[in-house]
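Here's a quick briefing to read alongside the coordinates. Have a look at the model first, then work through the notes below.

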Amino acid sequence: MRTNLKWRLLASLLFTSLLTTSGITYAQTALSSAADQASQFRLFSADYLVYRAGKNHGKANRYLKFNDDRYQMGYSSDISWLIFSDKRQETSEFLVENQQIQPLNYVMKRQGSGPSRHYELQLDPVKQQLLVGKSKELKADSWQDNWLDPLSYHQQLVLDLRAGKTEFFYDVLNRNGNSKTYHYKVVMEEPLALPYGTVHTLRIARMDDPEKQVYAWVAPELDYMLVRLWRGEDNVEQFDVQLHKLEFIAPE
C-alpha cells in the first residue's frame, strides 16, 4: 500500500501538468487580435518516455493548440510499475496579454490504482473570481493577476526565457485553488542525449524546496521546448521523463 501511494504521488508530480468551453469573455478593448494571440507560440505535439532507474515505466504526451482565439495546452500520461497503474489527463486554456499568461480553465482527471480524481479551476479575470471544483465553488481568497495554473506556467517560462531571463518566480494555483510561489533558476548549459536525439539545452533547477530536487531541461533551438524532467528526493531518482518525438504543427 505504501508503494502504491508513493507512486500515485510521484505520478501526480509529472509536469505539474485544458478542457471545456469556459464561457468567459473579455471586453473587446482587453483582447488582442486572434492573429496576435496565435503568433505567440509554436503549436506542437510532444511524446515522452517515463523512466525510473533506467527502465521504461510509461509514456506521456504534451500538446499546444490554438482554437477559438485562445490556447489549449494538454498533458496525458500512462504509467505502470509492478501492480501500480496511473492514467491522467490535464488541460489548460489561456490567453496571452502583454507577455503574461492569463489562465482561464484548468481540468485534471486521474484513474488507476487507488481512488479516481477530478479537479477543476475556472478563472474569470473580468470579475476577478476563482471558481474551484465541479461545483464551481467561489474561492474566498483575494484575486491575483499573476496567478498561473499547473500547466500554463510552462508557457510563461517560454516567454520569460525568450526575454532573456534566467531566474523565475511563479505563483501557481494547486488543484484546490491555493497559490504557491515556485522559484526556478537557469543553472547551466549543456548538450543532452535523448531518445529524440542530441540537443543543446538549458538546465533549470527548482530552488524553493530543499528536500526535493527538480531539474528541467529546455531546448532553445526548439523554442524552449521541455525535453527532459528529472525529480529526486534526497538525491535519489524518483522519475526521469525524456522527449521521444516532437512535431510542430502549422496554425489552421
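Let's start at Gln40, which sits in the loop between helix 2 (34-38) and strand 1 (43-52); helices (H or I, at least four residues) and strands (E, at least two) are DSSP runs, numbered from the N terminus. Bear in mind that this is a predicted model, where local features need pLDDT of at least 70, side-chain atom pairs count only at pLDDT 80 or more, and totals for chains, interfaces and linings use all residues. Residues are numbered from 1 along each chain as its sequence is written, and side-chain values use heavy atoms, with hydrogens and water left out.

**Overall picture**
- Of its 252 residues, 53% are buried, meaning under 20% relative accessible area, with exposed set at over 50% and partly exposed in between (1.4 Å probe, protein chains only).
- The accessible surface is about 12700 Å², and carbon and sulfur atoms own 48% of that; the areas come from the Shrake-Rupley method with a 1.4 Å probe, and for residues only the protein chains shown count as cover.

**Confidence**
- Average pLDDT (the predictor's confidence in each residue, from 0 to 100) is 86, and 86% of the residues score at least 70.
- Residues 1-5 stay under 50, and the model gives them three contacts beyond four places in sequence, a contact being heavy atoms within 4.5 Å.
- Residues 15-32 are also below 50 in pLDDT, with 61 contacts in the model beyond near neighbours in sequence.

**Around Gln40**
- Gln40 is buried, at a relative accessible area of 17%.
- Leaving out residues up to four places away in sequence, Gln40 touches Tyr71, Val96, Gln99, Leu159 and Arg162.

**Strand pairing**
- Strand 1 runs antiparallel to strand 15 (residues 236-249), joined by nine bridges; strands pair if DSSP finds at least two bridges between them.
- Leu43 has Ile249 in strand 15 as its bridge partner.
- Strand 14 (residues 225-233) also pairs with strand 15, antiparallel over six bridges, and here Arg231 stands opposite Phe239.

**The hairpin turn**
- Strands 14 and 15 make a hairpin with two residues between them, and Asp234 in the turn has a positive phi of about 50°.
- Asp234 is exposed, at 63% relative accessible area.
- Glu211 is 23 residues from Asp234 in sequence but 6.2 Å away in space, C-alpha to C-alpha.
- Asp234 touches Glu211 and Gln213, again not counting residues up to four places away in sequence.
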